[in-house]
Amino acid sequence: MPRLALFASLSLIPIVFGDSDVWSNPCDLARWKGAKFCDVKLDLDTRSADLVAKISDDDKAGLLTNSAFAAPSVNLSSYQWWSEALHGVGQSPGVSFKDQCPFATIYPQVQTTSQSWNKTLFAALGTAIATEGRAMANLGHAGLTFWAPNINVYRDPRWGRGQETPGEDPHMNGVYAEEFVKHFQFGPEDPTRLRASSCCKHFEAYSFENAHGITRHNQNAILDVKDTMDTYRPAFEQCVVKGQASGIMCSYNSVNGVPSCASEDLLNGLLRTDWKFDGYITSDCGAVEDVYDQHNYTHTIAETFNATFSAGMDSDCGDFASPDAVKKAVAKGVFKMETIDKALRNLVRVQMRLGMFDPEDEQPFKKLGLESINTKEHQELSIDAARQGVVLLKNDNSSLPFAKKQGLKIAVIGPNANATEVLQGNYIGVPPFIVSPLMGLSKYGTVTYKPGCKDGPRCENRIGFLNALVAVENADIAVLVMGLNQSIETEANDRTSIALPEGQVDLILKAGDVAAQSGTKLVLVLVAGGSCDLSFAKENPNIKSILWVGYNGQSGGDALAQAIFGEFSPSGKLTQTIYFANYTKQVSILDMRMRPDKDFPGRGYRYFKGPVVYPFAYGLSYTSFAYKFTTHPPELLSRADIAKGLKQGHGLRSTSPTIFTFKVKITNTGGRDGSEVIVGMLSPPNAGHSGAPIKTLVDFDKIFLRAGESGEVELRVTAHQFALSNQDGEYMPELGGWTLQVGDLKAISWVL
């Protein structure tokens, strides 16, 4: 979907903010007393079929876009399906920030949150965001169908929307999807209804905006079967099967020549038949029109409606399927009323699961109101997520944390040093406040703020360098807050280089030289979503410490300052590979392959063998931890048992049974309290050869330990994780020694 502040990518689609439709329950009217669709004792299939049968054909034509018209024949109010909630309730046609709802809590961007590696946090964020969304909906300021999360794999470091995703690993993305969606939608207060509807996007294989004359609107993603099965598809399977998402968004691109929104195999086949998806499918905004005039897959508008809605799509985001256009297509006999009815049953079924046709006094979620928006608990959750997402990349000689003392002189330097909106990333809402790095650091001393770069992160205007360097020279501590913003990486805008802007590199190196000469303690901070080549700073002895904080939300400045001054020990780990800048010269952003080939080096930690600046799952701490197996992985595994497990899971990764669990004792051997992320990786017998991955993530956990304290975590390995996909898309057990690695521990399990 488009970032809502940028209209260039969807110039034909009018986007209006702040006019949320207020729903009026038709079942409150005497006219419908006794109607089946109002009877909460009946099953949803019966109720939805009854309602759709009662809607006039004329009204039905106005219900197939995100801006659904009213249907007077059954007293249906108009409804806006498009509300946003990626990392907080966000600006969108369905959301209105005004009057009694001027703001909502904004959490760190998803890329930052994923760096926490904390499943409990993913779940808590889902609950908190949906709670605020439901409260705003109850007050008439939002819809109940939110188009989040984005769980596409962060395939290429240039992608402008990588910041929205949990990262490059399919398993991590799937875990995030499951935890976020499940807790977004469901709550113990009302086990029979949805708190709010979550929509996983963008299905399938979307991870590109524009390059080489191609755009996301006409890209044909050429996918290998193996890459499809182990990279592009797993997170969506887990979203549907385990997270039980009630919404899916089909993507702009084609997959092997077929537009995603017109793919019968993907929508009715894979989603609804194989994965038992129970929900509605919306197009991305403008994607239905793309089927016709970008992919040239159909020849007429009527054919386009038939192709997309017959394939299983239920709603067109945009106005292509306008009431007049739909009526004309039906009149031509190409677009059938039966197809429309099927889509409408899927749509109203979700609305019924949300309680929109049920008595209000029977619905606990209807009681959520102003007291549930921007609560103290949600504010604390936001800063906690920002803290947990901090990644310590470098800390020579334990340079960090800096000591707190009276009278500190702090130079706060760089284009993002006083950033506010930048800290939100994209898909933003209206937060109650934003704490910039400058504001956070001012709580620890007397600050001197010099941005250095006069034109923001592009840093082409260096007129402020001298003042910035003087500030570094005269300070006790210098904090360089560098990185990117939405003018460099965002929706509809991929980067062409992953090098940090040249002016920023120059300023960092000069500041390092000045600090070394003056004795100023210096830390480099990166505010960004996507990978930036930091090799120049990693290798420079004058840059002793580096923190990656991402786009860290409304309390990001406080979280950063607290990390620098040791209020907590950083525990984040990267969920993307930080490559050298020349990596992008080796691969085309249009090349969807993951595995290496003779003309292709591969992508991500699973397949790329070349050197990197910082690897996936990398992150340091202010303390240290020791690992010890308390229960060992088995040395021998039966191929037959793994094959049986694959069959038990019905061929699905997400339902694959556990083959074994193992426990690891973690001891905090350092002098500070801290959290540790425990990452389990598995390497197949032929790791890195013949299309096999070098290693894959199998499970992870997180534990907080005080200095000297020990604790235990249990990780699991499933049948699918001991199998590799073949060219037919089937997972087969792989014979030989599989190496399990957890921290510095290794164990080999032989599959015989």
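D50 is buried in this predicted model, at a relative accessible area of 13%. D50 forms a salt bridge with K54. The closest N and O atoms of that pair are 2.5 Å apart. K54 is partly exposed, at 32% relative accessible area. Both residues belong to helix α1, which spans residues 44-54. They sit 4 residues apart, so about one helical turn separates them.

**Salt bridges**

The structure holds 36 salt bridges.

| Pair | Closest N to O distance |
|---|---|
| K54 and D50 | 2.5 Å |
| D506 and K510 | 2.6 Å |

D358 and R193 belong to a network of salt bridges. R47, D190 and E362 are linked in that network too.

D506 pairs with K510 in a salt bridge. Both lie in helix α16, residues 502-518. The spacing is 4 residues, about one turn of the helix. K510 counts as partly exposed, at 35% relative accessibility.

**Helix packing**

Two packed helices are described by the angle between their axes and the distance between the axes.

Take α15 (residues 465-473) and α16. Their axes come within 9 Å and cross at roughly 30°. That makes α15 roughly parallel to α16, because angles under 35 degrees count as roughly parallel. The crossing of α15 past α16 is right-handed. On the α15 side, the contact is made by F465, A468, L469, V472 and E473. On the α16 side, G503, D506, L507, K510, A511, V514, A515 and S518 take part. The contact residues divide into 8 nonpolar, 2 polar and 3 charged.

Now take α5 and α7, the latter spanning residues 234-241. The axes come within 8 Å and cross at roughly 20°. α5 and α7 are therefore roughly parallel to each other. α5 passes α7 in a right-handed crossing. From α5, the contact uses P170, H171, N173, G174, V175, A177, E178 and V181. From α7, it uses P234, A235, Q238 and C239. The residues of this contact comprise 7 nonpolar, 4 polar and 1 charged.

**Backbone geometry**

Most residues other than glycine have a negative phi, and most peptide bonds are trans. What are the peptide bonds from K201 to H202 and between L400 and P401? The bond from K201 to H202 is cis, with omega near 5°. H202 is placed in strand β4. A cis bond also joins L400 and P401, with omega about 0°. P401 is found in the loop between β12 (391-395) and β13 (409-413).

Next come the phi angles. W117 is not a glycine, but its phi is positive, near 55°. W117 is in the loop between α3 (110-114) and α4 (119-138). W117 counts as buried, at 0% relative accessibility. A492 likewise has a positive phi without being a glycine, at about 70°. A492 lies in the loop between β15 (477-483) and α16. At 28% relative accessibility, A492 counts as partly exposed.

**A loop proline**

Where is P72 placed? P72 is in the loop between β1 (67-68) and β2 (79-80). P72 is exposed, with a relative accessible area of 57%. Because the cut-off for exposed is over 50%, that value qualifies. P72 touches R31 and D59, leaving aside residues up to four places away in sequence. P72 and S56 are 16 residues apart in sequence. Their C-alpha atoms are 8.7 Å apart in space.

Terms used: Residues are numbered from 1 along each chain as its sequence is written. This is a predicted model: local features need pLDDT of at least 70, side-chain atom pairs count only at pLDDT 80 or more; totals for chains, interfaces and linings use all residues. Side-chain values use heavy atoms; hydrogens and water are left out. A salt bridge is a side-chain nitrogen of Lys or Arg within 4 Å of a carboxyl oxygen of Asp or Glu. Helices (H or I, at least four residues) and strands (E, at least two) are DSSP runs, numbered from the N terminus. Buried means under 20% relative accessible area, exposed over 50%, partly exposed in between (1.4 Å probe, protein chains only). Axes are lines fitted to C-alpha atoms, for helices over the stretch in contact, and angles run from 0 to 180 degrees between N-to-C directions. Angles under 35 degrees count as roughly parallel, over 145 as roughly antiparallel, 65 to 115 as roughly perpendicular and the rest as oblique. A crossing is left-handed if the near helix is turned anticlockwise from the far one by less than a right angle, and right-handed if clockwise. Contact means heavy atoms within 4.5 Å. Ala, Val, Leu, Ile, Met, Phe, Trp, Tyr, Cys and Pro count as nonpolar, Asp, Glu, Lys and Arg as charged, and the others, Gly among them, as polar.
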